[in-house]
Amino acid sequence: MSPTAVHTAPVDAAPVDGAPAHTAPAHTAPIHTAPIHVDAAPESEDFAIPAEGLTDGERLRALDRMDGYLTRKRRHLVGYQATQELAGSALDLARFMLSNINNLGDPFQSGGYKPNTKVVERAVLDYYARLWHAGRPYDPADPESYWGYMLSMGSTEGNMYALWNARDYLTRPGAPRPVAFYSEDTHYSFAKAVRVLGVDTFHAVGTADYPGECPLGGDWPAEVPSLPGPSGHSWDGPGAVDVDALAVLVEFFAAKGHPVFVNFNLGSTFKGAHDDVRGACERLLPVFERHGLLPSAGSGEHRGFWIHVDGALGAGYAPFLRMAADDPAAYGWSPEPAATVPEFDFGLTLPSRASGDVDPVASIAMSGHKWAGVPWPCGVFMTKAKYQLDPPTQPEYIGAPDSTFAGSRNGLSPLVLWDHLSRHSYRDQVDRIRRSQELAGYLERRLHELEQETGAELWPARTPGAITVRFRKPGADLVAKWSLSCENVLTTPGDPASLRGYAHVFLMPSVDRAKLDALLTDLAQDPVIRTTPA
């Protein structure tokens, strides 16, 4: 058999991305006009596999086409929470593609499948356990030790596992069923998870069992309202949960004996908002105590609530924002006050009369392909041993408890995430989030200037402290070229004529000022942007 050919000349290839972004000079770049080019995606026919297979030339041409396309799209991707800083890991870790690595079963037991990277997985978990104040590594005899694993999907899997864990933890024979609460800016994975797991939302239970009794007035809302903006509605609000509305809703169901599951967002999907986890917990803890959801100290009883933090994006960088805010002299930078992230992790403790100090956060999920930058979906789920879900089965086949959501799990993900973390000191991570914050401010400012220069309506907006900026949705060509994520909102509830289309840019570490200036150039000439909206 002849050696495998190595092909290194992709069609329309660009220089490999992934080097740290360099900040351009502080002057404001002029807006130029230039043609907008949209790359054609590879077609199914390019990858059709005939019965006789493909020759090496045909196979490499197909791969070249995909490589060229992905290279161009990588250089323009600004609309999603996915960094493109990947070159270093690609060069160092390609050797592991020779092994079929499977982290089957619990990460704290090696199991029968020995080609695994569980020792690396545990190192990654220890890293985030320190950042999230989770305490000691897993010990089944120590209820305060942490337990977790690396997800084979992104935070959708982590959110689903948290909800599954909470459902089984909170369900008691003969007791009212648990009720889930999440805001209207929550990731759509929760709408899927409650359906898949058969968990009732407050909307479903309220509509079925308590019609006409919504304490907010009117019909039961589908989700907990988010904070309103200048319009008095949430469409132009910051995207964080309305803690007052949440407390009123939770009080209603807790008073009727329902156990409570609450999700908070740390970097919401579209607006990048951080829920005030500490402030909300301070409001909710007395509610739990009044209605018997907080057991007395030393009783050994399960508590009647579960608080989960969906930190898909924010849990990756929030600890470094807090480090800079707590010690600006050490890191040479102090985030704007609005950018300071509230306490959100296992280190958050609050006093109570019945139970002493309470640690309200039960679980956290984070995506590894977002802030850190693994080149495929993955993530981290973490909880405490005292809340851990018992495996539904104990298959001898895998040689380790089947305690994770998946059976087979990606053993490459821990290696890539470990490699990223080992390359970046805490100071480096602070610098990465500093650059993102500064670029978010730059883009917001330039969008306002572009409105003045062109007379176009762009509706630029940025939630304080977020690393995303939203603006008026441009034409389809620009949406495709820059991989923009878009969302339509009703500025007047119930009025279809008030529909507004928004796009947003996430200032991930792989985005630099040159990319933003190129995007602004395209926006300046976009025919949709230059059209006055109805």
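Biologist: How many helices and strands are there in the chain?
Modeller: The chain has 14 helices and twelve strands, taken as DSSP runs numbered from the N terminus, with helices being H or I of at least four residues and strands E of at least two. This is a predicted model, where local features need pLDDT of at least 70 and side-chain atom pairs count only at pLDDT 80 or more, while totals for chains, interfaces and linings use all residues. Residues are numbered from 1 along each chain as its sequence is written, and side-chain values use heavy atoms, with hydrogens and water left out.

Biologist: What share of the residues is buried?
Modeller: Of the 534 residues in the chain, 53% are buried, meaning under 20% relative accessible area with a 1.4 Å probe, protein chains only; exposed is over 50%, and partly exposed lies in between.

Biologist: Which residues touch the most other members of the largest nonpolar core?
Modeller: Y128, W132, F181, F264, F288, F344 and M382, in a core of 102 residues. A nonpolar core is a set of buried Ala, Val, Leu, Ile, Met, Phe, Trp, Tyr and Cys residues joined through side-chain atoms within 4.5 Å. A second, separate core has 25 residues, including Y442, V479, A503 and L519.

Biologist: What is F181 in contact with, leaving aside neighbours within four places in sequence?
Modeller: Among its partners are F202, V224, L246, F253 and N263, with contact meaning heavy atoms within 4.5 Å.

Biologist: Switching to cysteines, how many disulfides?
Modeller: The count is zero, where a disulfide is a pair of cysteine sulfur atoms within 2.5 Å.

Biologist: And C281, buried or exposed?
Modeller: C281 is buried, because its relative accessible area is 2%. C214 also counts as buried, at 9%.
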